[in-house]
Every structure is written in C-alpha cells, then in structure tokens.
Amino acid sequence: MLRLPVCRLPLPPASTSIQAFTIDHPAILAIEDLSFRYRNPQVALFAKLSTAIPQGVTLVQGGDGRGKSTLLRLMAGALKADAGQLRLNGVSLGEQPEAYRQQLFWMEPRSVEFDQLTPLRYFETIRGGYPGFDADLIDMLVEGLGLEPHMDKKLFMLSTGSKRKVWLAAAFASGAALLLLDEPFAALDAPSIAFVKPLLGGASTRSDQAVVIADYAAPAGVSLAGVVDLGD
C-alpha cells in the first residue's frame, strides 16, 4: 500500500510550532514559519507552519472551520499572513508579489468579480495573464465540462456549478505552476466530476506543476503526492 506524506495540523495556540512533513520530490511551493490568526474573534489558526508542496496533487483536508480555504488564500497571496515566507519556484511572495502571483491560478469559488463577462470573454482575460495559457485546450475543456450552452451568457446568469466549471477550465488551461482549487467537485454533476479526475491525474505526471485541492476527504481515483491534514 502506498504511504503518502501527511502533515497533521491541530488548531494550535499561537506559540505552538507545526512540524513539516518530508517529501521525495522537489518542492514547487515552500512554506516557512507561516502564522495567521483571525482578528475577530482573536483565534490563532496557523502558528509557524513550515511545509513543502511538491509536484503533483496535494490534498488539504479537514472539517468545517479548520482553515482549508484560508490556507489556500494564504498560498495565493489573497490573504496576508501575520508572519512567515512563501516561495513559489524560489520567488518570494513578500519580496516579489507580482512575480509570485503570476505563477499561480486561484479563484474564489463564490467570486462575483467577473460576473459581467461571458465565459469566452473571461477566458480571453485570463489568457492575457498567463504566458503558458493553452488556448487549444479550452475547446476540449468546454466540451468535457458541458459549458457549450453557456458560452454566450454572462457569468452572473450561471448556476454555482457552471461557474465552478468555468474556473476549473481556466485553471487547467492556464499553464500555471501552482493551481489552487477549493472544493473542486462541489456542485458539479457526475459527468463533470468524472471528467475532472483524469485532469488531476494528468497533473500528477507533470514535473513543473503542483495542484493543491482543499476538500473534506481525498477524491477517489486521484493519485496524491501529499496530504495536509487540518483535523476534524
């Protein structure tokens, strides 16, 4: 039986150190002494978290309120940590934030930022931000996710599941070194789930890309490079 590297993270007091888990692959994202606390109320969520995200698919798992989405936002630079360093392919978020963010794809699942755009226009917008964007892949992703009937609709007209499909298509086409996917299967129909899993499997074979998914449990049939367990 394959044993995966696991980092188990209980909710710590601010003074508690969290130990890193070890991996056998080069780290694409290095997290060093990351600390974060909610302001209201004052709750320490992470204290001195140090770990590494390798190539392939890493699962951030845990129960409600354990910080899955928060950790992804911190990795994305969408939320400011209280302390610590994040380095993506050696680029520091603190020292070179723009160069850091250009290497990753992250979209808040409930974002309304692009609601006035159609999926097609959104993809064109995203393409401009990613040198490795694969425009030829979009047609396959649109078909596989069943988005064809929605391409001329504005995003605010789409269901939650269809908007998630748009974000997923953009993520896989982006060519970014780091994909951050928050509950990627939430609100998806069964055919779309079956379509996305092999895409994640393909990411597992790439030496230049890491995918971090936040979810309650490991997705069946997806090979994992590592697990960050935030507890129940």
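Helices (H or I, at least four residues) and strands (E, at least two) are DSSP runs, numbered from the N terminus.

**Entry 1: the model.** I noted that this model is predicted, that local features need pLDDT of at least 70 and side-chain atom pairs pLDDT 80 or more, while totals for chains, interfaces and linings use all residues. Residues are numbered from 1 along each chain as its sequence is written, and side-chain values use heavy atoms, with hydrogens and water left out.

**Entry 2: helix α1.** I looked up what follows α1 and found Gly77, whose phi is positive, near 80 degrees. I then checked burial (buried: under 20% relative accessible area; exposed: over 50%; partly exposed: in between; 1.4 Å probe, protein chains only). In α1 (residues 68-76), 7 of the 9 residues are buried, so the helix is largely enclosed by the rest of the structure. Among them I recorded Leu71, Leu72 and Met75.

**Entry 3: the sheet.** I found an open sheet of 4 strands in the order β3-β2-β5-β6, with antiparallel pairing. Strands β3 (43-54) and β6 (91-92) are at the edges with a single partner strand each, so one side of each lacks a neighbour in the sheet. Two strands pair if DSSP finds at least two bridges between them; β5 (residues 83-88) and β6 have 2 bridges, in the antiparallel sense. I noted that Leu88 has Val91 of β6 as its bridge partner.
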